[in-house]
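Thank you for asking me to look over this model. My notes follow as numbered points, written for someone who has not seen it before.

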Amino acid sequence: MKKITFSALLQLCLLMSFAQIKVQGLLTENFTNPIALGVQVPRFSWQLVAEKRNTMQTAYEINVTTDKGSAWKSGKISGSQSVQINYAGTPLQSDQKYTWKVRVWDNNGKASPWSEAASFKMGLLNTADWKAKWIEAGYVEDSINRPAILFRNQFALAKKIKSATLYITAHGMYEVQLNGKRVGDAYLAPGWTSYNKRLQYQAYDVTNMLNNGNNVIGATVGNGWYRGFLAWDDNKNIYGKKLGLLAQVNVVYTDGTTEAIVTDDKWKSTNSAIKSVEIYHGETFDAREEKSGWAAIGYDDGGWKGVNLLTTTFDNLISTENEPVKKHETFKAIKVITTPSGEKVLDFGQNLVGWVIVKAKGNAGDKIVIKHAEILDKAGNFYTENLRAAKATATYILKGGAEETFEPHFTFYGFRYIKLENYPGEINPDNFTAVTLYSDMKPTGTFTSSNALVNQLQHNIQWGQRGNFLDVPTDCPQRDERLGWTGDAQAFSRTASFNFGVNNFFDKWMKDVAADQLADGRIPHVIPNVLGPDNGGSAGWADVATIIPWNMYLAYGDKKILETQYPSMKAWVKFMTDKSKNDLWNTGFHFGDWLFYRPFDDNDGRSAVTDKYLIAQCFYANSVQLLINTSKVLNKADDEATYTALLKRVKDAFLKEYVTPSGRLVSGTQTAYVLALNFDMLPENLRKQAAERLAENVKSYDTHLTTGFLGTPYLCHVLTRFGYSDIAYSLLLQQDYPSWLYPVKMGATTIWERWDGQKPDSTFQTPGMNSFNHYAYGAIGDWMYRQMVGLDTYEDGPGYKHIRVKPHVGGGFTNASASLQTYYGTLSSGWKTEDNKILMDVEIPANTTATIYVPTTTATAVTENGKAVSTLTDIKVAGTEEGYVLLQVGSGKYHFVIAK
Ligand code: RAM
């Protein structure tokens with residue numbers, strides 16, 4: 001009897017715990033416990049966890065407190081919003097820590113317990129909060145080699161420390177130590193922004209790094225983006241000529257008093273052992289000149305010089321808005337090669353971005369030289385011609401004696417291979433570790449299928465993103481370029497939002513887009529703009545102004561990026577309107593459909609040249625459309641009306657200029673049809689035949705794509721939309737040039753800049769522009785996630801609040817699945833074909849709803865977990881549509897079997 005009671009009790013407990021809901025994953029401004037927010041109204045997000053299907057939040061309550069008391073008690077607020085809730089308490093104070101928790105109620109009448117506490121700390125909100133002064137070297141710098149500078153200060157803290165925060169930034173790149181230990185795990189700080197307008201400072205909690213008594217702070221500062229060589233023609237010192245440091249340790253003692261340790265005239269400076277360092281050229285380190293223990297107590301800095309103080313204002317200082325660059329994966333060499341020309345080469349098996357940590361033992365003065373390359377040439381020799389002027393060389397001079405370990409500080413290399421010169425002794429692969437560096441974005445997406453080559457393509461897309469999301473979205477990471485090309489970034493942005501969390505990354509970068517926008521509304525080709533004011537306004541590049549904010553809104557439901565970027569979006573559209581005559585934008589310089597297919601010695605005219613102004617008109621219309629969408633979201637009815645009228649005129653002008661009476665486009669290319677169809681440039685009655693022409697065109701190239709940077713992202717989407725998924729699949733699976741899988745077959749581990757970076761005979765495209773790590777063509781990833789597997793969001797429930805799962809089963813695949821960490825939790829979908837059925841597994845996060853498109857024509861063919869869907873109360877059959885049965889569902893895990 002006792003036994004039965006116990007098991008009944010256990011069951012009851014289990015039942016109760018299943019019925020429970022809880023809240024987890026608290027984010028403030030999309031960060032977990034951030035420590036230097038620069039906004040007065042931070043936004044809170046959380047995830048609901050509930051076992052029960054169809055769980056929705058119906059109300060929430062937030063409490064925000066400081067150690068002085070309550071800052072905000074929201075009270076119980078009705079609604080299902082659980083992402084990006086604005087703080088609405090008392091004004092937040094500089095340098096103050098806040099904790100918050102939340103509880104929620106659901107549609108089943110359950111209340112969650114209070115969540116675990118999360119915290120956020122405010123940064124230095126006012127320029128007056130900076131007590132520090134900018135310091136520069138107190139000696140004349142070597143203007144040729146421009147070695148990195150060491151700054152040092154010893155200070156005493158008299159009382160017991162309760163907390164301490166270091167706020168720091170530099171003119172240049174910095175690394176900082178306290179009492180001989182590196183502070184934080186950020187690299188290449190302070191990152192890259194349009195420094196003169198926006199310079200990020202970082203904050204580090206250094207409470208546990210300080211002593212009650214004497215302490216030393218030491219910082220190394222190198223050229224970085226601030227004054228290093230960028231772009232071409234010896235373009236350096238873009239933001240300033242001198243390196244500088246700004247640092248402030250705000251200490252709170254246990255007795256409540258505070259003290260600030262700041263950069264000031266008490267600091268000392270000297271040259272470091274980093275003899276020269278440039279982003280493009282690499283780093284030279286002379287260990288014989290290393291000042292052992294220089295950032296710790298007890299070091300004699302008697303020979304050092306003082307510092308110069310600057311009287312700069314702090315107006316351009318902002319807190320860090322994105323994830324810092326950090327170290328990630330490490331690789332050991334998979335092969336040690338002696339090339340035909342006798343070079344000693346290590347192969348790390350992956351084209352990556354970062355550097356190699358090297359161990360060596362030798363004599364004082366031994367000089368190891370390490371070169372970096374992405375690829376070996378036809379003969380198997382080390383190939384660096386495509387790096388153009390970038391030397392990409394690490395040089396280490398040994399001090400001799402015990403084993404020494406080297407790694408650079410203020411540079412990065414894009415490479416798979418390294419060539420070793422003068423390495424002392426045997427080359428043991430254990431002594432070389434390649435480590436990746438990229439923005440610390442959270443991995444959010446997975447994609448896998450039954451096709452190994454397509455899986456490798458997905459791998460290459462993700463590695464293209466890792467390598468080129470290095471504080472700014474760069475086009476490439478290896479040659480003398482590495483710039484924030486706007487066209488590449490917009491083309492890849494939607495794919496990027498699947499693979500990693502890029503909300504903060506793009507939020508920060510888009511502010512630089514706005515900051516560098518010219519007075520006439522033009523957007524520069526690269527952001528931060530280091531090419532000067534004349535380089536901007538190209539269709540499909542400058543449209544980054546509208547495309548990325550809208551994509552981030554879709555991917556994350558982030559309304560704020562729309563609000564923030566709205567003036568910039570409008571100014572860009574105004575630029576196009578100003579440059580148009582009769583609503584036709586046919587002036588100015590345009591890159592066009594960059595790197596489209598063009599065969600050598602093109603006797604038959606097979607090159608896929610698309611009229612640049614036709615492209616411009618399409619992107620003009622798209623930007624106006626996105627502005628209409630945005631004005632709706634932001635409730636700006638007047639703007640909505642104005643831009644709606646403008647859009648009609650822009651499309652009419654397109655029809656008049658670029659479409660023949662029978663509906664043919666003046667450029668008969670894939671890109672022309674793709675853009676016209678994707679951006680709805682054609683009236684309904686002309687669309688079907690335009691799609692047919694597109695399909696015919698693809699076939700006329702023996703089912704190959706011919707698109708460049710601008711057409712490629714939309715190509716398969718358009719084919720799918722107009723019923724040609726079979727052709728989209730054929731393009732995806734095509735293995736010879738030009739195609740996505742051609743580089744894969746050639747052994748690529750990243751996406752290439754060109755469809756034929758390496759030719760079938762293993763010779764290369766022109767070294768003048770031939771990157772093997774360039775994410776733009778990786779934009780096919782968006783189609784793989786959204787169309788193949790079917791993970792998508794509705795525009796009226798952005799950020800996956802209202803989900804559409806519409807897979808396209810086909811292409812001879814036997815399975816495909818993908819998952820995405822949304823702000824609400826895990827969303828996943830996968831399909832599998834078996835003899836005469838299709839299996840589909842879908843997971844929908846709590847507090848969202850979904851429409852699942854099941855690929856069959858009748859609901860009677862579908863079971864969920866063994867039961868006919870029509871009999872289930874928690875799934876609503878909502879009709880049929882073009883080969884699908886539509887099911888309305890809420891949160892939960894679903895297992896469908898569809899009889900063929
Ligand atoms: C080259 C690169 C870059 C592209 C520009 C137009 O510099 O290919 O990715 O955006 O050209």
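1. The centres of domain 1 and domain 3, taken over C-alpha atoms, are separated by 48 Å. The assignment divides the chain into domain 1 (2-121), domain 2 (127-319), domain 3 (325-439), domain 4 (445-788) and domain 5 (790-899), and such bounds come from an automatic or database domain assignment.

2. A word on the basis of these notes: this is a predicted model, in which local features need pLDDT of at least 70 and side-chain atom pairs count only at pLDDT 80 or more, while totals for chains, interfaces and linings use all residues. Residues are numbered from 1 along each chain as its sequence is written, and side-chain values use heavy atoms, with hydrogens and water left out.

3. Glu481 is placed in the loop between β35 (472-473) and α4 (486-499), where helices (H or I, at least four residues) and strands (E, at least two) are DSSP runs, numbered from the N terminus. Glu481 counts as buried because its relative accessibility is 5%; buried means under 20% relative accessible area, exposed over 50%, and partly exposed in between (1.4 Å probe, protein chains only). Leaving aside residues up to four places away in sequence, Glu481 touches Trp232, Tyr280, Arg388, Asp475 and Cys476, contact meaning heavy atoms within 4.5 Å.

4. Gln458, Ile461, Gln462 and Gln465 of α3 meet Phe492, Thr495, Ala496 and Asn499 of α4. These residues divide into 3 nonpolar, 5 polar and no charged, with Ala, Val, Leu, Ile, Met, Phe, Trp, Tyr, Cys and Pro counted as nonpolar, Asp, Glu, Lys and Arg as charged, and the others, Gly among them, as polar.

5. What is the arrangement of α12 and α13? The axes of α12 (residues 712-721) and α13 come within 7 Å and cross at roughly 150°, so that α12 is roughly antiparallel to α13. Leu715, Cys716, Leu719 and Thr720 of α12 make the contact with Ser725, Ile727, Ala728 and Leu731 of α13, and by class it has 6 nonpolar, 2 polar and no charged residues.

6. Some backbone details deserve a check by eye. A cis peptide bond, with omega about -5°, joins Ile527 and Pro528, and Pro528 lies in the loop between α5 (503-516) and α6 (544-556). A cis bond with omega about -5° also joins Tyr737 and Pro738, the latter in the loop between α13 (725-733) and α14 (741-745).

7. Asp233 has a positive phi of about 55° although it is not a glycine; this residue sits in the loop between α2 (224-227) and β16 (244-253) and is exposed, with a relative accessible area of 76%. Ser762, likewise not a glycine, has a positive phi near 75°, and Ser762 counts as partly exposed at 23% relative accessibility.

Terms used: Axes are lines fitted to C-alpha atoms, for helices over the stretch in contact, and angles run from 0 to 180 degrees between N-to-C directions. Angles under 35 degrees count as roughly parallel, over 145 as roughly antiparallel, 65 to 115 as roughly perpendicular and the rest as oblique.
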